Structure formats: C-alpha cells, structure tokens
Amino acid sequence: MTTTLKSKLQDDLNTAIKERDELRSSTLRLTLTAITKEEVAGKEKRELSDDEVLKVITREAKKRREAAEAFAQGGRAESAEREKAEGELLAGYLPKQLSDDELNTIVAEAVEEARAAGAEGPKAMGAIMKIVNPKVAGQADGGRVAAAVKKLLQG
C-alpha cells in the first residue's frame, strides 16, 4: 500500500514528538491543521489528494518565507530565524525547485507558444502564465515565474 503525503506528515509528526523535536513537531502540527482545515472547507468533508496537500504545504512554506522577511525587516532576528527554519523544514516535503535556467527555458517555450497563438505585448503576460503555471506547479514560486516572464517580454 502506498502512503499518502498526509500520512507521511503524520508519521513524521509522531517521530518528532517522540524525539522531542519542538521545531519539527510544531511546524508539522500547524501544517496538518492547515490540511485538515482545507479538507473541511466547503459543503462536505473530503480527503485531499497528494497534489492538493502539496499546494497546502507550498502555501504554508510561502507564509513562513514572508513572515521571516517581515521579522527581519522589523529587527526581530530570532523570530525571523525560526520562521526561516520552519520554511526550510516544509521545503523538504516539496518537489525539487527548478533552477533559473530550467525555468527560463520553460518560460521561453511558453512565450513562443503564446506568440504563435497571437498574444503580443503586455497582454501576453496572462496567456503565458496560463501556459507556464501547470508545467512548473510546485517546482517554482509564482513570483519567480512572473519575474521570468516579465524579463523575457521586456526583451
């Protein structure tokens, strides 16, 4: 039987609790809570697929990155370090991120595809993002993708 990503998170949480790893256990608890919250959102409770769980983990990791930046700017280095550590811990559950070269190659192909379909100028951004996002889902942050597209469109 294959284990789901959610059950792996729960197993890792149990291990972290037994090892008294406070950072890991609190991070995994918060992530599992976010997953459960997502499962009960809407009209009826459902089990999330691994892809949906990955989206929740990605969102949680992004929150940690943004919080770390905010704490760093606010002069709270200790809190920033903790948020950064939590983000890195969650990143371990995410697929390997694309390198800048790999991302630029995918974006360049999408730009050609969009231009072939007649999208030109600044309005092409939306069309290109629609092509790129499914290809890089979970492997590149949306901000990185958008920056790469803008850079290519501006020449």
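1. At 18% relative accessibility, Asp-12 counts as buried (under 20% relative accessible area is buried, over 50% exposed and in between partly exposed, with a 1.4 Å probe and protein chains only). Asp-12 sits in helix 1, residues 5-18. Apart from residues up to four places away in sequence, Asp-12 touches Leu-28 and Tyr-93, where contact means heavy atoms within 4.5 Å.

2. On provenance: this is a predicted model, in which local features need pLDDT of at least 70 and side-chain atom pairs count only at pLDDT 80 or more, while totals for chains, interfaces and linings use all residues. Residues are numbered from 1 along each chain as its sequence is written, and side-chain values use heavy atoms, with hydrogens and water left out.

3. Overall, the protein chain has 7 helices and 0 strands; helices (H or I, at least four residues) and strands (E, at least two) are DSSP runs, numbered from the N terminus. The C-alpha trace spans about 55 × 45 × 30 Å along its principal axes. Of the 155 residues, 33% count as buried. Among contacts between residues at least 6 apart in sequence, 60% join residues at least 24 apart.

4. Leu-48 belongs to the loop between helix 2 (22-40) and helix 3 (50-73). Leu-48 is buried, its relative accessible area being 8%. With neighbours within four places in sequence set aside, the contacts of Leu-48 are Ile-35, Glu-38, Glu-39, Val-53 and Val-56. Leu-5 is 43 residues away from Leu-48 along the chain, and their C-alpha atoms are separated by 9.8 Å.

5. Helix 6 (residues 124-136) and helix 7 (residues 142-154) have axes that come within 10 Å and cross at roughly 135°. Axes are lines fitted to C-alpha atoms, for helices over the stretch in contact, and angles run from 0 to 180 degrees between N-to-C directions. That makes helix 6 oblique to helix 7 (angles under 35 degrees are roughly parallel, over 145 roughly antiparallel, 65 to 115 roughly perpendicular, and the rest oblique). The residues in this contact include Ile-128, Val-132 and Val-136 of helix 6, and Val-145 and Val-149 of helix 7. By class, the contact of helix 6 with helix 7 has 10 nonpolar, 2 polar and 1 charged residues; Ala, Val, Leu, Ile, Met, Phe, Trp, Tyr, Cys and Pro count as nonpolar, Asp, Glu, Lys and Arg as charged, and the others, Gly among them, as polar.

6. The axes of helix 5 and helix 7 also come within 10 Å, crossing at roughly 55°. Helix 5 and helix 7 are therefore oblique to each other. Among the residues that meet are Asp-100, Leu-103 and Arg-115 in helix 5, and Arg-144, Val-145 and Leu-152 in helix 7. The contact of helix 5 with helix 7 has 9 nonpolar, 1 polar and 3 charged residues.

7. The largest nonpolar core has 19 residues, and those with the most contacts inside it include Leu-103, Val-136 and Val-145. Such a core is a set of buried Ala, Val, Leu, Ile, Met, Phe, Trp, Tyr and Cys residues joined through side-chain atoms within 4.5 Å. Helix 5 (100-116), helix 6 and helix 7 each supply at least two residues of this core, and helix 6 gives the most, with 7 residues. Val-136 is in contact with Leu-98, Leu-103, Ile-106 and Val-145, leaving aside neighbours within four places in sequence. A second, separate core of 16 residues includes Leu-32, Ile-35, Ala-61 and Leu-89.
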